Amino acid sequence: MSAFVDALRLIVSGDTEVWKITAVSLFVSGAALAFATIAGVPLGYALAHARGRAARAASSIVHTLTALPTVVVGLVLYFMLSATGPLGWMDLLYTRLAMIVGQTVLALPIVAALTLVAIQRLPPAAFETASTLGLGRLTRLAVLLREGRTAIVSALLLAFARVFTELGAAVILGGNIRGETRTLTTVIALEHTRGDDARAMALGLILVVIALAVNAGVHSRWLRRPS
Amino acid sequence: MFALAAAVFGAACGPRPPRLRIATTTSVDSSGLLDTLVPGFEQEHGVNLQVLAVGSGQAFQLGRRGDVALLVTHEPAGERALISDGLVRYYRKFMFNRFVIAGPPEDPAAARGAASASEAMSRIARSGRLFVSRGDDSGTHARERQLWAMAGVSPQPAHLIETGQGMAPTLRVASQRVAYVLTDEATLARLADAVQLRVIYDNDPALLNTYAVMILTTAPARTSELADRFARWIAEGGGRQHIDAFRIGTRQVFFLWPAGLDAASPESTPAGVRAP
Amino acid sequence: MSAPVLSTRALTVGYDGVSVATLPDLSAAAGDRIVIGGPNGSGKTTVLKTLAGLNVPVSGEMRGPMPGPRGAIYVHPSPFLFAGTGQHNVLLGAHGDAAETERALDALGALPFSASDVRTLSSGQRQRIALARALAARPRLLLVDEPETGLDAAGLDAWSRILRDRHDMAIVIATHRDVPGAARYLLSER
């Protein structure tokens with residue numbers, strides 16, 4: 001309980017490093033979500049329309065990948081990005097970009113799989129109407145995504161929550177370097193290891209508040225049930 | 001929109017002052033010493049110093065893979081292995097402190113009366129009391145295994161708790177389970193109020209904990225010069241003042257490597273030099 | 001006599017290879033009106049969707065326009081409107097042609113509520129938007145499924161004017177009712 005009070009004091013005191021860490025967290029997870037959206041939404045849409053064995057296989061692979069453990073993603077990318085790894089020449093390890101890559105890999109299957117479900121769940125009349133009107137590919141994509149927007153927005157929300165709160169990939173790929181790749185989750189783990197539980201708790205509180213606020217904000221704007 | 005995103009992204013990931021990436025053990029980081037060393041060096045040299053705080057085992061691995069240019073470690077055997085493999089271009093001992101055997105204040109294993117650290121460890125093992133181990137291939141863990149080997153005995157598996165975590169959580173577990181534990185002085189000093197643990201044994205050269213700085217041959221050429229600067233700064237230059245002035249509360253927990261003492265081999269210890 | 005817009009021979013319709021109904025051979029040119037009748041469940045909807053090119057026939061031959069503008073347009077009995085305004089929907093049918101959109105909305109008397117979100121419209125208004133959306137595509141073949149189920153009085157008026165005046169298109173209607181001047185084909189109960 002006293003740790004909790006210390007935590008509040010630390011937040012109110014306006015420690016600039018705390019806000020820097022928060023900004024890095026939001027930047028990394030936000031960028032990862034943006035990339036996952038740009039790639040994942042069209043992918044899910046394409047899979048929803050694809051027919052045949054290959055398409056079914058691809059769909060179940062995408063669904064399965066939503067369960068990828070964060071540490072394994074971190075570890076595999078670590079070996080690839082490490083100086084002696086196949087992508088070592090890119091010099092990405094322990095940078096924000098490496099963390100973004102890792103979190104994009106984690107978010108992409110969620111966005112794609114849930115977009116796929118969102119599109120599949122649309123009433124058949126939506127597809128028939130788009131077809132009979134002879135809508136071009138892009139118009140069709142735009143109107144059908146708009147029909148599934150509630151489910152797609154909640155997919156993006158879920159993906160964001162996953163990457164914003166994950167630790168495994170962030171700590172392995174970012175290395176928790178102060179002022180560089182230190183994010184809320186990696187620094188919480190560090191402060192706990194150091195034994196500074198007030199700081200860990202303060203940062204944890206910020207993490208929870210942001211995660212919940214983003215959720216609540218998006219929810220009231222997009223996902224409210226019609227009254 | 002896209003251009004804006006690209007601009008923000010570029011600014012956030014883009015060029016900055018020359019970067020030196022080093023790995024150090026968690027004990028150096030947890031003590032807070034780095035919080036004075038890093039800004040000190042960055043200000044004097046205009047370098048972006050990036051520190052990965054990891055266990056010694058992982059630090060050696062990072063060095064072998066060429067992911068960092070420079071290591072600060074406290075595990076002589078592992079350091080020797082790296083030197084033997086021809087991976088070390090520069091090696092200097094630059095500071096030391098002590099490991100201590102800590103345990104419940106009432107010392108149920110009567111380890112305080114032992115004649116040496118290894119005898120204290122053997123008393124703990126034979127007493128059937130719990131011992132908490134880092135179990136993470138850290139320098140502290142390596143020293144712990146070395147002491148068990150010297151004692152010629154080790155605790156029953158049922159009496160050994162491996163945390164696999166850093167020093168602070170390990171001390172908390174030891175306190176919770178009324179167990180003995182090997183720790184560095186600095187972390188114990190910082191957690192003194194939070195744990196029910198006392199120093200049980202500290203007066204033995206076998207408990208000396210020596211820190212070395214190494215530059216690796218695997219270091220990328222462009223960071224090599226920066227690594228040189230940092231190593232010399234910490235071992236011979238301005239870094240020494242920061243180390244000497246560092247306190248936890250009022251307590252000094254790191255001591256400069258004495259001048260004139262062999263600083264170039266991992267096995268060298270400042271035995272006989274009594275910490276104040 | 002102009003070339004037929006639509007003609008079929010021994011056409012059997014159904015889903016996934018399972019036949020639902022067999023259609024008497026038919027042929028329709030611009031200006032023709034065809035009524036597909038029959039009891040509920042006799043396959044009228046399947047016939048219309050097949051003629052509209054949305055369904056693959058089980059067997060037989062069919063010649064008709066592709067779905068889309070200047071082609072075949074199918075209108076559901078309770079239509080699906082895309083999220084947004086009525087105007088947005090009709091503009092989609094017109095593929096962005098604003099003048100055509102305006103004309104089609106006007107033909108259905110739908111201009112007054114075309115700027116409203118479709119979620120706020122009555123079922124009669126929705127049906128009129130859907131018909132306007134179909135007209136805006138200037139189809140050669142218009143297929144309307146049970147138009148009178150949802151249409152309100154104003155809509156029914158507009159609809160009968162379309163049936164009477166639009167000689168640029170063949171219209172196929174699935175309905176129980178009589179349509180003046182239309183050829184009538186009955187599907188039998190399965």
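Colleague: Which helix of chain C does L48(C) lie in?

Modeller: L48(C) sits in helix 1 of chain C, which covers residues 44–51. Bear in mind that this is a predicted model.

Colleague: And is L48(C) buried or exposed?

Modeller: L48(C) is buried, because 25 other C-beta atoms lie within 10 Å, and the cut-off for that label is 20 or more.

Colleague: Which residues is L48(C) in contact with, leaving aside neighbours within four places in sequence?

Modeller: I36(C), Y74(C), L143(C), D145(C), V172(C) and A174(C).

Colleague: How far is L48(C) from V18(C), C-alpha to C-alpha?

Modeller: The separation is 16 Å, and the two are 30 residues apart along the chain.

Colleague: Switching to chain A, what does its secondary structure come to?

Modeller: Chain A has eleven helices and zero strands. Its C-alpha trace spans about 65 × 55 × 25 Å along the principal axes.

Colleague: How many of the residues of chain A count as buried?

Modeller: 46% of its 227 residues. As for contacts in chain A with a separation of 6 or more, 76% of them come from residues 24 or more positions apart.

Notes
Residues are numbered from 1 along each chain as its sequence is written. Chains are lettered from A and ligands numbered from 1 in the order in which they are written. This is a predicted model: local features need pLDDT of at least 70, side-chain atom pairs count only at pLDDT 80 or more; totals for chains, interfaces and linings use all residues. Helices (H or I, at least four residues) and strands (E, at least two) are DSSP runs, numbered from the N terminus. A residue is buried if 20 or more other C-beta atoms lie within 10 Å of its own, exposed if 12 or fewer, and partly exposed in between; C-beta atoms are placed from the backbone. Two residues are in contact if their C-beta atoms, placed from the backbone, lie within 7 Å.
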